[in-house]
Amino acid sequence: MIQCEVVFTQRPAANARRTTASAVLLGAVLGLALAACANGGAPDAGTRTPIDADTPDIPLIVDIDAGTAGCMPACTGGQLCRSGICIDPTIDADADGVPAAEDCDDTTAGIGRLAERSCASLCGVGVEQCANGVWGACSAPATCECTEGDPPRDVPCGFCGTQQQLCLGGSWMNAGACNGSGECAAGTSEPSGACGRCGTSMRTCGVGCAWGAAVCTGEGECVAGTTETESEACGCGTRTRTRTCSGTCGWGAWGAFGACSAAGVCTPGATRTGSCDACSQEVCSASCTWSGTCSLRPGNACDWRAGTNQRSCSGGMCISSPCWQFCASSCQYNPCQDR
Ligand SMILES: [Ca+2]
């Protein structure tokens, strides 16, 4: 009776490279399989069934199938189908105390109800466990990112760094550390402290993953705590007012104007008698100084000059020339009269 066999189940190959790689892997595992067979019994091509009942979902699986392969024709009389062979489930061919129905390999005394063996898929190697005479699924990866033997590849990592990867077990695995990393993620920005007038220093990471020069943004209109003064004319002097920059770098309201600074001796347009006749006045000039000249006050016709101011005239009470009229203290001329 055949107790051990090598069964191949192969799905349609995805591509030529995978088929080649599978052949390499197949050779390695096949060697293990044949060694196991030599330990238990001789192959019998006439009773094999080309299926893999215990790992039906793994492509190109190679194993020593001592499980539940189907038998044609179907077993009868209480026999158990094992690897395409109908056997008596109660026999114990390897005399290990485990009946064939519960023995994962009834040709090897070292394998009974519990055992472990290697298995492989196109993507890599794995193990399968024996439990109460039935081999479980192979742990080898069923899907592959790559094929064993593919050349190493470099992929981006970190901040503009490069990571070498190797194909191991059908997956790309990092080999060593990420090399050549910069200091930041390109295109990102972050604040780097206060600056200027209540502003925030911002720096941006360049395309080479290095921080660029900081730029001060969001500044206010003045330096916190400073004051500003402005002046305006008042008469012939000036007056000033101040405002203070707040803690948030914004100008506060203007304060009230201070007193007008002393300048000149009079207010433009002001009048005084000064050295003038009582009927006249001196006017303060635009430059805030007394003009030094006298002019009649509004409405006055003449200077009184203590009654000495007279002029020639005609008409009125004057009958014959020459006639005269004096300026009265009212600053008006008296009527014209004979001399
Ligand atoms: Ca046994």
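**An open sheet and its surroundings**

Modeller: The open sheet consists of three strands in the order β16-β17-β18, and their pairing is antiparallel. Its edge strands are β16 (271–272) and β18 (295–296), each of which pairs on one side only. The model is a predicted one, in which local features need pLDDT of at least 70 and side-chain atom pairs count only at pLDDT 80 or more, whereas totals for chains, interfaces and linings use all residues. Residues are numbered from 1 along each chain as its sequence is written.

Strands here are DSSP runs of E of at least two residues, and helices are DSSP runs of H or I of at least four residues, both numbered from the N terminus. Two strands count as paired if DSSP finds at least two bridges between them. In general, strands of a sheet pair through backbone hydrogen bonds, either parallel or antiparallel.

Within the sheet, β16 pairs with strand β17 (residues 280–283) in the antiparallel sense, over two bridges. T271 stands opposite V283 in β17.

Strand β20 (residues 323–326) is joined to β21 in the antiparallel sense over two bridges, and C323 stands opposite D338 in β21.

Hairpins occur elsewhere in the chain. Strand β5 (residues 114–121) and strand β6 (residues 124–131) run antiparallel and are joined by eight bridges. These two strands form a hairpin with two residues between them, and A120 has V125 in β6 as its bridge partner. Strand β11 (residues 189–195) pairs with strand β12 (residues 199–204) in the antiparallel sense over five bridges. In this pair, S189 has T204 of β12 as its bridge partner. β11 and β12 form a hairpin with three residues between them, and G196 in the turn has a positive phi of about 50 degrees.

As to the whole, the protein chain contains one helix and 21 strands. Of its 339 residues, 20% count as buried; a residue is buried if 20 or more other C-beta atoms, placed from the backbone, lie within 10 Å of its own. Among contacts between residues at least 6 apart in sequence, 37% join residues at least 24 apart, a contact being two residues whose C-beta atoms, placed from the backbone, lie within 7 Å.

How values were computed:
Buried ≥ 20, exposed ≤ 12 C-beta atoms within 10 Å, placed from the backbone.
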